[in-house]
Amino acid sequence: MLATLSVLLLYLINPVCGVFQKLYCTISDSCDCDFKPNIRDLEWDLYKNVYGQHLAQEIVSEEVARFLQNKSPERPLVLSFHGSSGTGKTLVGSMLGNHLYGTAMSSPYVHQFVPALHFPSPDRVKKYKVELKNWVQGNLTECARSVFFFDEMEKMPPGLIDVLEPFLGPSHVVFRTNYRKAIYVFFSTTGEEVINKIALENRQAGRDREEIRSADLQEPIAQAVFNSNTSGFSHSSIIQQKLVTRFVPFLPLSRRHVERCVRSQLCQRGSCERRDVVEAVGGDMIYAPVQGQYFSTTGCKSVPAKINLFL
């Protein structure tokens, strides 16, 4: 009898066992109950709805799958998204949040920071450092599986982000939680010049877009964000200590990628058949360089407004 009770008690305490997990989650606020990663759906979403970004698709799906398969990671997953505006960085970030938590991006365990909103005054960096450290540590204590998004890193006050260095490495300890299970994602246009340069050289050499490899861009992006005066990672110890798991390059988009964005938007409006609008919007975009007209200068960012113009 005692043995039977002990087994039942173990089931009730462990929230990963079938029906007992449901019972546990009805009486608990544990973030484990909302943490419902679906890697297969994430991979499908990336494949189906992200255009012209084979590197981002591969890196994000591979790194997230590898990280979540490790029940005791040595350090958090840290991804840094780089590329021009309109190339899909925010979209991919949203997909990540949507496929990690049952309540998607509205989960209380997904945290977003915007410099203009949260850190508007460069002369208050010391105060922001204390607030950011306390915020991250407090939320890690609440939920080891916390996800932190840092938008527009090119507008982040210099030196502020280095307060996260202890949380990103393998040696720091956060009381009552395994901080190494957290995910950090940084978004930035810094580094777009080196990404676009490599993409242009590849195109001019007549090579397929898919021949560009992640390894070709990791170090150039790291150097670009470290040396840039307009980067939140400018001379950052996070870069020096190599605490970013992977830099995720977002390549400039060609006309065919822009037209795929247009077609997708039209289908969402119930107008999939409007091929005339697809061609009109694609032709109305500005492409660079002047000689060649290879890449859209705004990616897919202005597509919705252009569609309204031609519908």
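Biologist: Leaving aside its neighbours within four places in sequence, which residues is Ser188 in contact with?

Modeller: This is a predicted model, and every value given here is computed from it. Ser188 has its place in strand 4. Once neighbours within four places in sequence are set aside, the residues in contact with Ser188 are Phe81, His82, Gly83, Lys89, Met153 and Glu154.

Biologist: Is Ser188 buried or exposed?

Modeller: The relative accessible area of Ser188 is 4%. A residue counts as buried when this value is under 20%. Ser188 is therefore buried.

Biologist: With the side chain of which residue does the side chain of Ser188 make a polar contact?

Modeller: The side chain of Ser188 has a polar atom 2.9 Å from the backbone nitrogen of Thr190. At 3.4 Å, the side chain that makes a polar contact with the side chain of Ser188 is that of Glu154.

Biologist: Which residues lie closest to the centre of the largest pocket?

Modeller: The largest pocket holds about 690 Å³ of space. Its lining is made up of 27 residues. Those closest to the centre are Gly86, Gly88, Lys89, Thr90 and Leu91.

Biologist: Which helix gives the most to the lining of the largest pocket?

Modeller: Helix 5, strand 4, helix 12 and helix 14 each supply at least two residues of this lining. The greatest contribution is four residues, and it comes from helix 12.

Biologist: How much space lies in the second largest pocket?

Modeller: Among the residues that line the second largest pocket are Gln218, Phe226, Ile239 and Phe247. By class, its lining has five nonpolar, four polar and two charged residues. The space in this pocket is about 230 Å³.

Biologist: Which helix gives the most to the lining of the second largest pocket?

Modeller: Two helices each supply at least two residues of this lining, namely helix 11 (237-240) and helix 10 (215-227). The leading share is five residues, and it belongs to helix 10.

Biologist: How many residues apart in sequence are the parts that Cys31 and Cys143 tie together?

Modeller: A disulfide joins Cys31 to Cys143, with an S to S distance of 2.1 Å. Cys31 is in the loop between helix 2 and helix 3, while Cys143 is in the loop between helix 7 and strand 3, so the parts tied together are separated in sequence by 112 residues.

Biologist: Is the link of Cys31 and Cys143 right-handed or left-handed?

Modeller: Both cysteines of this pair are buried, with relative accessibility of 5% for Cys31 and 1% for Cys143. The angle about the S-S bond is 85 degrees. The link is right-handed.

Biologist: Where do Cys261 and Cys300 lie, and how many residues apart in sequence are the parts they tie together?

Modeller: Cys261 and Cys300 are joined by a disulfide, with 1.9 Å from S to S. The link is right-handed, with 75 degrees about the S-S bond. Cys261 lies in helix 12 and Cys300 in the loop between strand 7 and helix 14, so the parts that this pair ties together are apart in sequence by 39 residues.

Biologist: Is Cys300 buried or exposed?

Modeller: Its partner in the disulfide is Cys261, which is buried at 13% relative accessible area. The value for Cys300 is 15%, and the limit for a buried residue is under 20%. Cys300 therefore counts as buried.

Biologist: What is the relative accessible area of Cys272?

Modeller: Cys272 is joined to Cys267 by a disulfide, with 2.0 Å from S to S. Cys267 is partly exposed at 35%. Cys272 is also partly exposed, and its relative accessible area is 44%.

Biologist: What distance separates the C-alpha atoms of Gln57 and Glu43?

Modeller: Gln57 is found in helix 4 and is buried, with a relative accessible area of 17%. Beyond its neighbours within four places in sequence, Gln57 is in contact with Leu46, Tyr47 and Val50. Glu43 is 14 residues from Gln57 along the chain, and their C-alpha atoms are separated by 7.5 Å.

Methods: Residues are numbered from 1 along each chain as its sequence is written. This is a predicted model: local features need pLDDT of at least 70, side-chain atom pairs count only at pLDDT 80 or more; totals for chains, interfaces and linings use all residues. Side-chain values use heavy atoms; hydrogens and water are left out. On a 1 Å grid over the protein atoms alone, a cavity is a set of points where a 1.4 Å probe fits but cannot get out, and a pocket is an open set with protein on both sides within 12 Å along at least five of seven lines; lining residues have an atom within 4 Å of a point. Grid points are joined across faces, edges and corners, and a volume is the space filled by probe spheres set on the points. Ala, Val, Leu, Ile, Met, Phe, Trp, Tyr, Cys and Pro count as nonpolar, Asp, Glu, Lys and Arg as charged, and the others, Gly among them, as polar. A disulfide is a pair of cysteine sulfur atoms within 2.5 Å. Buried means under 20% relative accessible area, exposed over 50%, partly exposed in between (1.4 Å probe, protein chains only). A polar contact is a pair of N or O atoms within 3.5 Å; within protein, one must be able to donate a hydrogen and the other to accept it, and residues adjacent in sequence count only if both atoms are side-chain atoms. Contact means heavy atoms within 4.5 Å.
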